[in-house]
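Open the model in your viewer and keep the selection panel at hand. The tour goes from the chain contact to the fold and then to the core.

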Amino acid sequence: MASLSVNLCGIQLDNPVIPASGTFGYGYEYAELYDINELGTFSFKGTTKDPRFGNPTPRIAECTAGMINAVGLQNPGVEKVISEELPKLKACFHKPVMANVSGFSVEDYAYTCQQLDKQEQVGWLEVNVSCPNVHGGGMSFGTQPEAAAEVTRAVKAVTTKPVIIKLSPNVTDIVSIAKACEEAGADGISLINTMLGMRINLRTRKPVIANTMGGFSGPAIFPVAVRMVYQVANAVKIPVVGMGGVSSAEDVIEMMLAGATAVEVGAANLVNPYICRDIIRDLPRVMEKYRIENLSEIIGGAK
Amino acid sequence: MKQSLFQIVSNEALTDSVYKMILSGDTSAITAPGQFVNIQLTGKFLRRPISVCDYDESTLTIIYKVVGAGTEQMSAMKPGEMLDILTGLGNGYDLSLAGDRPVLLGGGVGVPPMYNLAKKLIAMGKEVSVILGFNTAGEIFYEQEFKALGCKTYVTTVDGSYGKKGFVTDALPENYTYFYTCGPEPMLKAVYRATTTSGQMSFEERMGCGFGACMGCSCKTLTGYKRICKDGPVMKKEEILWQA
């Protein structure tokens, strides 16, 4: 019997498949379609201290083998997430969930993480450091090792649950940023967030996205993600969660061979809402094909 | 919402750029006129959201305009080919508020969702008026189909080449009890201003998923933030907040 189970920062997952933040809401839309308890876990919609409407529309552009989004972290704010969204999530999902947090200052991150850390359903905190630092000239926290480390330290100081720092690929040296987060106390690293992209409408000669640029995701970025996961996993001792264009059981295995302990699936959910369930059900077949008995044994297996 | 495979029964041009496709498959997830479907196309990443023109237990009719590579690809598809479709998306129109004499206003490819709506309202015994707005005579489709349902049907063209010259709002009848509309946003704004009763309007936006997960098509309303794909595409006149 194939074993799909993996251990992520001390919590056992039935399988390594995790819908990525921003593509799965707070779970209940998908729970109308299938029993989402089949998932390892899922990372819920990026939550900030204050409510946010996000960017103007259009927020979406299609690309070859992918898409660009500039949603802009629309969410009802941590208070309402706890009072309104988590009870609905709890009704349909009975495993520890990954709480995804964004912020625009170190204090924002610490506050939001502290509130979510107290919630029983939350298993991990996934901290998205790709946001601009409003007190630091607008530069993304995730582009400088020291800024990413500062967020990590501040969050770790006020929380008890495993803290996974989610890194941006839009940097020159992702390894130095991952190492800085590890040294600052991170329990795990997840990568890659979307890549900065842009499309232009030939007829109007204007950017398709109202915000001009947005995050590029989908199968097109998979090779970049595999490369970065490989680089980071070989440089840190803490677990790595791999994501970026994953859309099949084969992709999950490739990501794990690159060094991922668990694997997030993002854009693919928006096209096929059953994709994560289908990947989980297909994993035993693909494992047998490649003579894998225990998924956790292949982590970082590519040399 | 349901994901299933549909087979193309027919796919024919109604005008130079507007096509009608009839598909057979499981339509059980469609619960109201004004809902839409989201169609997967080979080689395209995101699905294409298209409004439902008509449906019964086993057939789905859509009318779409070729506006880009995706709809271009659809226009070349042949009977017998299969399409992976998410059905039953969006809220659809609320028929219970129609009153005795509702007026339906459709502009361009905003006309198709009016068809099943008109059919349902007629079946409820309503006296239905329909105003179909187009730019020019060559773009007109479905005038006879609405007449065949028993609707009082009016056509307007912007250039005056057919029917009444002007916009759908220039043909509003007297004494209507409620309105339903779908069309480009400038038309919706004009309908909003010209109508003297309450009503419902269907909105369009670029979508990611089409089922409420990605927040790609959000808008602000007087009753809070709404997702056009899930909480809409139909909004009540009283909740609409026009953006500058």
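**Where the chains meet**

Select the contact between the two chains: 27 residues come from chain A and 22 residues from chain B, two residues being in contact if their C-beta atoms, placed from the backbone, lie within 7 Å. On the side of chain A that touches chain B, β4 (60-63), β5 (66-69) and α8 (268-271) each supply at least two residues. Helices (H or I, at least four residues) and strands (E, at least two) are DSSP runs, numbered from the N terminus.

This is a predicted model, in which local features need pLDDT of at least 70 and side-chain atom pairs count only at pLDDT 80 or more, while totals for chains, interfaces and linings use all residues. Residues are numbered from 1 along each chain as its sequence is written, and chains are lettered from A and ligands numbered from 1 in the order in which they are written.

**Chain A as a whole**

Next, select chain A and colour by secondary structure to show 9 helices and 15 strands. Its C-alpha trace spans about 50 × 50 × 40 Å along the principal axes. Of the 303 residues in chain A, 56% count as buried, that is, with 20 or more other C-beta atoms within 10 Å of their own, C-beta atoms being placed from the backbone.

**Into the core**

Now select A:L125, A:V127, A:I189, A:V229, A:A260 and A:V263, the residues with the most contacts inside the largest nonpolar core, which has 168 residues. Such a core is a set of buried Ala, Val, Leu, Ile, Met, Phe, Trp, Tyr and Cys residues joined through C-beta atoms within 7 Å.

Finish at A:V127: leaving aside neighbours within four places in sequence, its contacts include A:V101, A:Y109, A:C113 and A:I165.

Technical notes:
A residue is buried if 20 or more other C-beta atoms lie within 10 Å of its own, exposed if 12 or fewer, and partly exposed in between; C-beta atoms are placed from the backbone.
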